Amino acid sequence: MRPEEGTIQSRARAIEAVLGLLTDQPVIICNGFPSREAFKLADRPTHFYMIGSMGVAPAIGLGVALAKPDKKVIVLDGDGNVLMGMGTLATVGALKPKNFIHVVLDNEVYGSTGNQPTLSRVVRLDQVAKAAGYVRVERVREREDLVYELKDMLGKDGPSFLLVKVTEQAEDVDRVPLEPIEITHRFKKAIE
Amino acid sequence: MIESDDFVGTLQGIGFNFFTGVPDSILGGIIATLMEQRLYTPAVREDEAVAMAAGAYMAGKVPAVLMQNSGLGTSLNTLISLNLIYQQPCLLLISWRGFQGKDAPEHLVMGQTMTQLLDTVRIPHRTLSEPTAVDDLNWVAQTFMKEHIPVALLIKKGIVKGIQP
């Protein structure tokens, strides 16, 4: 495809496009605005919304993927989160779960704490994922490219890594109104 | 001394079927047994390991995480802001480095304060001993099922057989 061409979109529009391609797959969504925006756009019992433990979304997803090899597991992550738990790229790359798709919404800032810059402006996270051993790695900006690449990844063996460059724009969204325990029970039941 | 094979077999008998962690010499025998039986998924950090356990639990597994007590420090935020508040139980098999001040300097503070740290964050814990091993493991299983939170079993040097004969 065309790496990093086209019009950059907001994170919420990117999340909307991702969720639009999914049905009943388990989705782990990182803490901060991504979880809040995903909840507002399309809440499903197969969504696991994180509120803390920044950096471990792919580790949670990996646990699900290893235990449920017949389900494609999607992780919606952020650039700051990946940088915090970068070791997990190595764990995924080494274990190579075929059913693991890591979507990183990269706005190059810590958007939930005041837009302080992250290192993803200078460090290519897609190249890190490639070097770590992810089988499919793509980097996109435009919605059309995001849809094309994610559809492809959903139909093929991974682990896959899709880096989506997005703007700093955040939606006016509340916190996820579900209790953490309720999120666990609902998710556990939905992916049985 | 408890044989690693027996220890792993008992854990499996209770129902544990997902094992991850980061190695420690005290846990070397247990990890070697788990690896031989292809039951072990190695993690690179202890916070990653407890998060993997959380995912595996929600996907129907009964998880155990092995770590040195230094890893308790590394995984503390994930344990309290994921596993505890979301009620995702796992068994923490934690080696007690620095027990009674007899260890390398880096282990001394954690060795001395680990049980207080576990009490402070309200993670139930018990120390494994050979004469009470059956009780200890039954306690682990009961607490795990009742509380739905991480439960720690502390393992001192020389209780479970290591990799050296």
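Which hand does the crossing of α1(A) and α7(A) have? Keep that question in mind; this tour will get there.

**Before you start**

What you have open is a predicted model, in which local features need pLDDT of at least 70 and side-chain atom pairs count only at pLDDT 80 or more, while totals for chains, interfaces and linings use all residues. Residues are numbered from 1 along each chain as its sequence is written, and chains are lettered from A and ligands numbered from 1 in the order in which they are written.

**Stop 1: the sheet of chain A**

Select the strands of chain A. Helices (H or I, at least four residues) and strands (E, at least two) are DSSP runs, numbered from the N terminus. You will find an open sheet of 6 strands in the order β2-β1-β3-β4-β8-β7, with parallel pairing; two strands pair if DSSP finds at least two bridges between them. At the edges lie β2 (47-49) and β7 (136-140) of chain A, each pairing on one side only. On average, and ignoring direction, neighbouring strands are turned by 15 degrees against each other.

Now pick β3 (residues 73-78) and β4 (residues 100-106) of chain A, which run parallel and are joined by 6 bridges. Within this pair, V73(A) stands opposite F100(A).

**Stop 2**

Two residues are in contact if their C-beta atoms, placed from the backbone, lie within 7 Å.

Then show helix α7 (residues 143-155) of chain A: α1(A) and α7(A) pack at an angle of about 35 degrees, with their axes 10 Å apart. Here is the answer to the opening question: the crossing is right-handed. A crossing is left-handed if the near helix is turned anticlockwise from the far one by less than a right angle, and right-handed if clockwise.

To see the contact, select R13(A), A14(A), A17(A), V18(A) and L21(A) on α1(A), with R143(A), L146(A), V147(A), L150(A), K151(A) and L154(A) on α7(A). These residues divide into 8 nonpolar, no polar and 3 charged. Ala, Val, Leu, Ile, Met, Phe, Trp, Tyr, Cys and Pro count as nonpolar, Asp, Glu, Lys and Arg as charged, and the others, Gly among them, as polar.

**Stop 3: α3 and α5 of chain A**

Move to α3(A) and α5(A), which pack at an angle of about 25 degrees with their axes 9 Å apart. That makes α3(A) roughly parallel to α5(A) (angles under 35 degrees count as roughly parallel, over 145 as roughly antiparallel, 65 to 115 as roughly perpendicular and the rest as oblique). The crossing of these two helices is left-handed. Touching here are P58(A), A59(A) and L62(A) of α3(A) and T88(A), T91(A) and V92(A) of α5(A).

**Stop 4: where the chains meet**

Show both chains: the contact takes 26 residues from chain A and 25 residues from chain B. On the side of chain A, the elements giving two or more residues are α3 (57-67), α5 (87-95) and α8 (180-190). The largest share, 8 residues, comes from α3(A).

**Stop 5: the sheet of chain B**

Finish with the open sheet of 6 strands in chain B, ordered β2-β1-β3-β4-β6-β5 with parallel pairing. Its edge strands are β2 (40-42) and β5 (125-127) of chain B. Zoom in on T20(B), which stands opposite T41(B) in β2(B).

Conventions
Axes fitted to C-alpha atoms, helices over the stretch in contact; angles between N-to-C directions.
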